[in-house]
Amino acid sequence: MKSFDAIVVGAGPAGSSAALTMARAGLEVALLERGDFPGEKNMFGGVLHRLTALEEVFPDFWNQAPLERHIVKKSLTFMTGEASFNVNFDTEASDRPPYNGYTIYRPCFDRWLAEEAVKAGATLLTRSTVDDVVVEKGKVVGVTLLRDGSELRAPVVIAADGVLSFTARKAGLRRPRFNPSHQAVGVKAMVDMPKDVIDDRFGLVRDQGASNEIVGCTEGVRGGGFLYTNRDSLSVGLVLHLSSLSQSGKTPYDLLNAFMKQPQMAKMLRGGRLLEYSAHLVPEGGYDMMPEIVGDGILVAGDAAAMCIVTGLNLEGINLATQSGVLAGKAAVEAHGKKDFSRAGLAVYRRMLEESHVLKDLKLYRRTPGMLHNDRIYSQYPEMVCGLMDEIYRIDGAPKDTMTKVLLRAAREKVGLKNLLADVYSGWRAL
Amino acid sequence: MNINPDEIFDTTSFNIDREPHIVLDTEICKKCDQRACVNSCPARCYTWSEEDAKMTFVHDGCLECGTCYVVCAKDAFTRWRYPRGGFGVSYRMT
């Protein structure tokens, strides 16, 4: 049995940020990772937002972290089977440091961050799947490993073991069952493409990158698509709400294949070769699905705590994970100072999160998951927008109607005016 | 370009454990009228045979995403855990 000052379960962005923070403060930290190396099991869409939480440690983060491209161009697409309507935002302001976001490869990025924690003094234990938490007198005092049943002990455990967090479950902090309407599955194809082809196709130079979110490409299943540029590959995929997907009878890979064959998408992907296929869950339920994040001898951070914000335009996760990891680390350091690892002693973690953007933003957007559970967004609205544009641009010899008439007709036919008003109201309330 | 889960080993790396990390009680699946796992699993690990009235689960190409764990309406798992350390899916660049 080995003893540490703190055990971190999971060497993803939350876990490594926590380990780094504690190791820098002089604590003896065990950082556990079930993969062969950190990042081996990790997958996401592909855009990492600016990590303000790590800027104190890495003031020139963009020169140190293994990044693909920085995002200068963001676009939203309304898509139907044969048309797409794009809204682009392209700014020079995103072309200078501190950059606003990047594309990354998780097996590279997560490994780098964990190695930074190791450099600061943390002990990284790979191939270590946690089997259970060790509880004594109602307090978590360690974990056991699946490999050989061996036990690791520490007065504080940080559960950063991802979206399903069995560590939080075994410590009694999350409910035994997940609600399928709180979770989405992301599926992704990594597509090989030469850098100069990507630069030309997306209108980019140097390390500039583009991110594109797409709605209307899921055959009516609640969810959306994405297309991101890496240095010499593209990430293309779908995020599908589990309650809607399971009821639809459709499969994620058939939907992804159809998405990649949509004519405008096919042109962007032309000549590409499939490199890797991957899948992962997204805790899209946000604030209302959060587990207890503080227990006796235990804290929960990142996806394990369901710290995820989905607005339809942005999907935030890793930035919240690193911020919560840093704060969990700070709370553990404070607890060591006071020698109090009880729920009350660790509650400072919750207070720090309340004061940071993490819980403020999660609360601000707590209505958006509900707003996004509206099937009209995923088929009728994209059809309405594309139908409207088609009518505006089309020259067919017939006399024109006023723009207002065209607009009202499109809204009435595709969505219904009452629905439109209700959706505008709920969208306004949620965002 | 086409994703075919039956050819998942061509594009995604695995270090397959002999011991499955997910074990189903297929008697429970027989009584299930939803079987959301079959269509929802992104790696097509679940197959329902109407003829034999039998659910088959193969863990080899499992992406460890947890979709089945969340959508299963009957809690049919006698075991659902991550593979032992070092086993399972191994992403290179995702």
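Q: How many residues does the contact take from chain A and from chain B?
A: In this predicted model, the contact takes 46 residues from chain A and 31 residues from chain B. Two residues count as in contact if their C-beta atoms lie within 7 Å.

Q: Which elements of chain A give two or more residues to the side that touches chain B?
A: They are helix H3 (106-119), strand E13 (184-192), helix H6 (242-248), helix H7 (252-261) and strand E17 (273-282) of chain A. E17(A) gives the most, with eight residues. By class, this side of chain A has 26 nonpolar, ten polar and ten charged residues.

Q: What confidence does the predictor give the complex?
A: The ipTM is 0.97 and the pTM is 0.96. For chain B, the mean pLDDT is 95, and 100% of the residues reach 70 or more.

Q: How is chain A divided into domains?
A: Domain 1 covers 2-68 + 104-179 + 288-355, domain 2 covers 184-282, and domain 3 covers 370-430. The C-alpha centres of domain 1 of chain A and domain 3 of chain A lie 44 Å apart.

Q: Why is helix H16 of chain A said to lie largely in the open?
A: A residue is buried if 20 or more other C-beta atoms lie within 10 Å of its own. Of the 14 residues of H16(A), the number buried is zero, so the helix lies largely in the open.

Q: Which residues have the most contacts inside the largest nonpolar core?
A: They are Val8(A), Ile158(A) and Leu299(A), in a core of 157 residues. Helix H9 (residues 318-338) of chain A supplies the largest share of this core, nine residues. Leaving aside neighbours within four places in sequence, the contacts of Ile158(A) include Val8(A), Leu299(A), Ala328(A) and Ala332(A).

Q: Why is Cys29(B) called buried?
A: The cut-off for buried is 20 or more other C-beta atoms within 10 Å. Cys29(B) has 21, so Cys29(B) is buried. Its place is in helix H2 (residues 26-31) of chain B. Beyond neighbours within four places in sequence, Cys29(B) is in contact with Leu24(B), Arg35(B), Met55(B) and Ala76(B).

Q: What makes Glu219(A) partly exposed?
A: Partly exposed lies between the exposed limit of 12 or fewer and the buried limit of 20 or more. Glu219(A) has 15 other C-beta atoms within 10 Å, so the residue is partly exposed. It sits in the loop between strand E14 (208-215) and strand E15 (223-229) of chain A, and has a positive phi of about 50 degrees although it is not a glycine.

Q: Why does Ala53(B) count as exposed?
A: Exposed means 12 or fewer C-beta neighbours. Ala53(B) has 10 inside 10 Å, so Ala53(B) counts as exposed. Ala53(B) is found in the loop between strand E3 (46-49) and strand E4 (54-57) of chain B. Phi of Ala53(B) is near 50 degrees, a positive value in a residue other than glycine.

Methods:
Residues are numbered from 1 along each chain as its sequence is written. Chains are lettered from A and ligands numbered from 1 in the order in which they are written. This is a predicted model: local features need pLDDT of at least 70, side-chain atom pairs count only at pLDDT 80 or more; totals for chains, interfaces and linings use all residues. Domain bounds come from an automatic or database domain assignment. Helices (H or I, at least four residues) and strands (E, at least two) are DSSP runs, numbered from the N terminus. Ala, Val, Leu, Ile, Met, Phe, Trp, Tyr, Cys and Pro count as nonpolar, Asp, Glu, Lys and Arg as charged, and the others, Gly among them, as polar. pLDDT is the predictor's confidence in each residue, from 0 to 100. A nonpolar core is a set of buried Ala, Val, Leu, Ile, Met, Phe, Trp, Tyr and Cys residues joined through C-beta atoms within 7 Å.
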